[in-house]
Amino acid sequence: MGIHTLAKLIADQAPGAIKEGEIKNYFGRKIAIDASMSIYQFLIAVRQNGENLTNENGETTSHLMGMFYRTIRMVENGIKPVYVFDGKPPQMKSKELEKRLERRTEAEAEMSKAAEAGDEEAFDKFARRTVKVTREHVEDCKRLLKFMGIPYVDAPTEAEAQCAALVKEGKVYGVGTEDMDALTFGSDVLIRHLTFSEARKMPIREYTLAKVLQGLGINFEEFMDLCILLGCDYCDSIKGIGQKRALDLIKQYRNIETILKHIDTKKYGIPEDWAFDQARALFKEPDVLTGDAVELKWNEPDEEGLIEYMVNQKGFQMNKQ
């Protein structure tokens, strides 16, 4: 989920923090890509007749096609991508993962109803909601990247946190993801729509953290608390508080502890045993690889290995454009 409504809040309150451009503007840049988010996008977007692409053996290939062609597009435009894969999710994310499972189960039931009714539009809508990135999808993409000569990093936990750490250490320019919490983890630059298909004609949108903080009129510590109030993956938020109200409260009281001393608890529902402080600690000091533990090296592609893997093993056509 990332941070609920943060993109809209920034657009409304700190529009100067957003810069729209084209992929060619990132020529020569090293960019950390949230791999799991990208694979999820490919599984949703790369489809035929409402279903994932498959080879003759019935194996899903949407993720490989998306990863292959979107990566080529970046490299052709002079970008040096490094993909970062999720590790074990933090224990604090378990509630959010349970909610996602419930939503997928509900979508599967609705998809079955749509299939019985012959409603193709509804079937396609709910089919997209059942998409889940599996370990097999991840391993397929890692093998592909290896043959393409593109580096990847296995994060200890959250990919966005590891991406942000690479930015803070100066190893890459920014984070390519749709999840806004890369900013909450401290990335100086967040880039959205970078791995979208050219056909969607969506401008690439770059967010600069320093300008976000300046535009909102808060510091980074306050920004983390704001993100928790808006709604994150690690704890519940206060019911009844919208994005504008959340910003006003942070600007007035500067942190969640002081807000809780002054807020009308009859009007606003405070979560029971609210673990906002643990969520804050997770954003502040996430489990990431640092320094020499990450070596980024871009190599020439292994053309023979690529053909063997993509054509002979995965069933792609040599002449596919």
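These legends accompany close-up views of a predicted model.

**View 1. Helix H2 meets helix H3.** Here we look at residues 35–45, which form H2, beside residues 62–76, which form H3. Their axes come within 8 Å and cross at roughly 115°. Angles of 65 to 115 degrees count as roughly perpendicular, and H2 and H3 are therefore described as roughly perpendicular to each other. As for handedness, the crossing of H2 and H3 is right-handed.

**View 2. The residues where H2 and H3 touch.** On the H2 side, look for Ile39, Phe42 and Leu43. Facing them from H3 are Ser62, His63, Gly66, Met67 and Arg70. Sorted by class, this contact brings together four nonpolar residues, three polar ones and one charged one.

**View 3. Two domains in the protein chain.** The domain assignment places residues 17–217 in domain 1 and residues 218–285 in domain 2. If you take the centres over C-alpha atoms, 27 Å separate domain 1 from domain 2.

**View 4. The contact between domain 1 and domain 2.** Zooming in on the boundary, you will find 18 residues of domain 1 in contact with 18 residues of domain 2. About 1,600 Å² of area is buried between domain 1 and domain 2, and carbon and sulfur atoms give 61% of it.

Definitions and conventions: Residues numbered from 1 in each chain as written. Predicted model: local features only at pLDDT ≥ 70, side-chain atom pairs only at ≥ 80, totals over all residues. Heavy atoms only, no water. Axes fitted to C-alpha atoms, helices over the stretch in contact; angles between N-to-C directions. Helix = DSSP H or I, 4+ residues; strand = E, 2+ residues; numbered from the N terminus. Parallel < 35°, antiparallel > 145°, perpendicular 65-115°, else oblique. Left-handed = near helix turned anticlockwise from the far one by under 90°. Contact = heavy atoms within 4.5 Å. Nonpolar A, V, L, I, M, F, W, Y, C, P; charged D, E, K, R; others polar. Domains from an automatic or database assignment. Buried area = accessible area lost by both parts, 1.4 Å probe.
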